[in-house]
Amino acid sequence: MSQPGLCRTAALRRLAALALGLGVFLTLSSARSEDVKAPPIPIAVADFDYFDTSGEPTNQQAEHQARLQAFTNAIRADLERDGRYRVVTLSCPQTRCAASELAPADLLEKARVAGANRLLYGGIQKMSTLIQNAKIQVVDVAENKLRFDRLITFRGDTDESWQRAERFIVRDLISETPN
């Protein structure tokens, strides 16, 4: 009579060992799949446009151009640093590579030629001394489909306010990009 009880106990032990082994295997398998990242998405970041409709009497064009260039360069650097994107360079020998300078089809073609799967472009509009708007869009180059579309408002016209806006935009874009 003790024999059937021993068989049941041994079977339960084997079943428990099998369950434990399966659990360890699944844990290791999922950990490995999390370690495997998708290759970075090639993205072209066009030069941003700037429009000052504030009506301020002081000419701040030089300061705004410097901030705009720093803003665009920071977007490129932050996207590259995150690793989900690989920034490719647009080539526009005759003009700036910006939405205001090129027809949409031409800008998309420049991105295609550069090897981009995505094209990021946009602009900033200064409404007043305190308020600026930034419009950012990302288009899937192959499908000609809008993938990301944001209009944000930020306060201030200082290096710090522009930097905060840039970091917010990149965080928002990255949060919607799969690993």
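Helices (H or I, at least four residues) and strands (E, at least two) are DSSP runs, numbered from the N terminus. The expected span of a helix is 1.5 Å times one less than its number of residues.

This is a predicted model, where local features need pLDDT of at least 70, side-chain atom pairs count only at pLDDT 80 or more, and totals for chains, interfaces and linings use all residues. Residues are numbered from 1 along each chain as its sequence is written, and side-chain values use heavy atoms, with hydrogens and water left out.

**Exercise 1. Find the helices and strands, and state their order along the chain.**

Step 1. Count the elements: there are four helices and six strands.
Step 2. Read along the sequence: the pattern is α-β-β-α-β-α-β-β-β-α.

**Exercise 2. Describe helix H4: its span, its buried residues and their partners.**

Step 1. H4 covers residues 159-175, which makes 17 residues.
Step 2. From first C-alpha to last, H4 reaches 24 Å, close to the expected 24 Å.
Step 3. Buried means under 20% relative accessible area, exposed over 50%, partly exposed in between (1.4 Å probe, protein chains only).
Step 4. Buried residues of H4 include Trp 162, Ile 169 and Leu 173.
Step 5. The buried residues of H4 pack against several elements, among them helix H2 (61-82) and strand E4 (118-126). Contact means heavy atoms within 4.5 Å.

**Exercise 3. Is Asp 140 buried or exposed, and what does its side chain reach?**

Step 1. Locate Asp 140: it lies in strand E5.
Step 2. Asp 140 counts as buried because its relative accessibility is 7%.
Step 3. Its side chain reaches the backbone nitrogen of Glu 143 at 2.9 Å.
Step 4. Set aside neighbours within four places in sequence. Asp 140 then touches Asn 117, Arg 118, Lys 145 and Arg 147.

**Exercise 4. What sets the phi of Asn 144 apart?**

Step 1. Asn 144 sits in the loop between E5 and E6.
Step 2. Its phi is positive, about 50°, although Asn 144 is not a glycine.
Step 3. Most residues other than glycine have a negative phi.
Step 4. Asn 144 counts as exposed, because its relative accessibility is 54%.

**Exercise 5. Which cysteines form a disulfide, and why is it right-handed?**

Step 1. A disulfide is a pair of cysteine sulfur atoms within 2.5 Å.
Step 2. The whole structure holds one disulfide. Cys 92 and Cys 97 form it, with sulfur atoms 1.7 Å apart.
Step 3. The torsion about the S-S bond of Cys 92 and Cys 97 is about 115°, so the disulfide is right-handed.
Step 4. Cys 92 is buried at 13% relative accessibility. Cys 97 is buried at 6%.

Technical notes. Polar contact = N/O pair within 3.5 Å; in protein donor to acceptor, adjacent residues only side chain to side chain.
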